[in-house]
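Hi there,

Here is the structure I promised to pass on to you. Have a look at it first, and then read on for what I found.

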Amino acid sequence: MENKLEVSYREWLENWLEEARAILTEAVFTSRITLIEGYWNFGKHIEGGVEEAEKKWSKKRAVFVKEAGYKFGKGERTFYYASQFYRKYPEKTKCSTQRPL
């Protein structure tokens with residue numbers, strides 16, 4: 001038979017672990033939202049760069065993206081996907097912090 005102190009510790013530990021899981025889950029969720037918002041902002045910045053490069057220097061989108069991607073140290077694909085993300089969702093909406101049950 002377990003003593004009351006051991007039972008109390010196990011109950012406390014289960015509650016502590018539940019809180020720890022909740023903290024980590026929240027951190028992961030928040031980091032993913034932040035990453036999504038970061039790529040949206042990056043796409044917006046790319047679109048602004050494309051517009052300015054076309055207007056001031058007659059640079060085509062493909063040329064700008066290739067040159068900027070090379071200088072930035074990221075591939076054209078990263079620029080392309082961020083740009084497409086922004087173009088598909090031009091209005092930044094607040095992401096829901098509600099998790100599905």
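**How the helices pack**

Helix 1 and helix 2 pack with their axes 10 Å apart, at an angle of about 125 degrees. Before going further, please keep in mind that this is a predicted model, in which local features need pLDDT of at least 70 and side-chain atom pairs count only at pLDDT 80 or more, while totals for chains, interfaces and linings use all residues. Residues are numbered from 1 along each chain as its sequence is written, and side-chain values use heavy atoms, with hydrogens and water left out.

As for terms, helices are DSSP runs (H or I, at least four residues), numbered from the N terminus. Axes are lines fitted to C-alpha atoms, for helices over the stretch in contact, and angles run from 0 to 180 degrees between N-to-C directions.

Helix 1 and helix 2 are therefore oblique to each other (angles under 35 degrees count as roughly parallel, over 145 as roughly antiparallel, 65 to 115 as roughly perpendicular and the rest as oblique). Their crossing is right-handed, meaning that the near helix is turned clockwise from the far one by less than a right angle. Phe 42, Ile 46, Glu 47, Gly 49, Val 50, Ala 53 and Glu 54 of helix 1 are in contact with Arg 61, Phe 64, Val 65 and Phe 72 of helix 2 (contact means heavy atoms within 4.5 Å). The residues of this contact divide into seven nonpolar, one polar and three charged; Ala, Val, Leu, Ile, Met, Phe, Trp, Tyr, Cys and Pro count as nonpolar, Asp, Glu, Lys and Arg as charged, and the others, Gly among them, as polar.

Helix 3 meets helix 1 at an angle of about 95 degrees, with the axes 7 Å apart. That makes helix 1 roughly perpendicular to helix 3. On the helix 1 side, the contact includes Tyr 39, Trp 40 and Lys 44, and on the helix 3 side Ala 82, Phe 85 and Tyr 86 are among the residues. By class, the contact of helix 1 with helix 3 has nine nonpolar, three polar and three charged residues.

The axes of helix 2 and helix 3 come within 8 Å and cross at roughly 120 degrees, so this pair is oblique as well. Here Arg 61, Val 65, Lys 66, Ala 68, Gly 69 and Phe 72 of helix 2 meet Glu 76, Phe 79, Ser 83 and Arg 87 of helix 3. Those residues divide into four nonpolar, two polar and four charged.

Helix 1 (residues 4-57) has 54 residues, which should span 80 Å at 1.5 Å a residue, and its end C-alpha atoms are 78 Å apart, which agrees; the expected span is 1.5 Å times one less than the number of residues. Among its buried residues are Ile 33, Trp 40, Gly 43 and Val 50 (buried means under 20% relative accessible area, exposed over 50%, partly exposed in between, with a 1.4 Å probe and protein chains only). What covers the buried residues of helix 1 includes helix 2 and helix 3.

Ser 83 sits in helix 3 (residues 76-88) and counts as buried, at 3% relative accessibility. Leaving aside residues up to four places away in sequence, Ser 83 touches Gly 43, Ile 46, Glu 47 and Arg 61.

Ser 58, in the loop between helix 1 and helix 2, is exposed, with a relative accessible area of 63%. Its phi is positive, about 55 degrees, although Ser 58 is not a glycine. Helix 2 (residues 61-72) is followed by Gly 73, whose phi is also positive, near 90 degrees.

Best wishes

How values were computed. Helix = DSSP H or I, 4+ residues; strand = E, 2+ residues; numbered from the N terminus.
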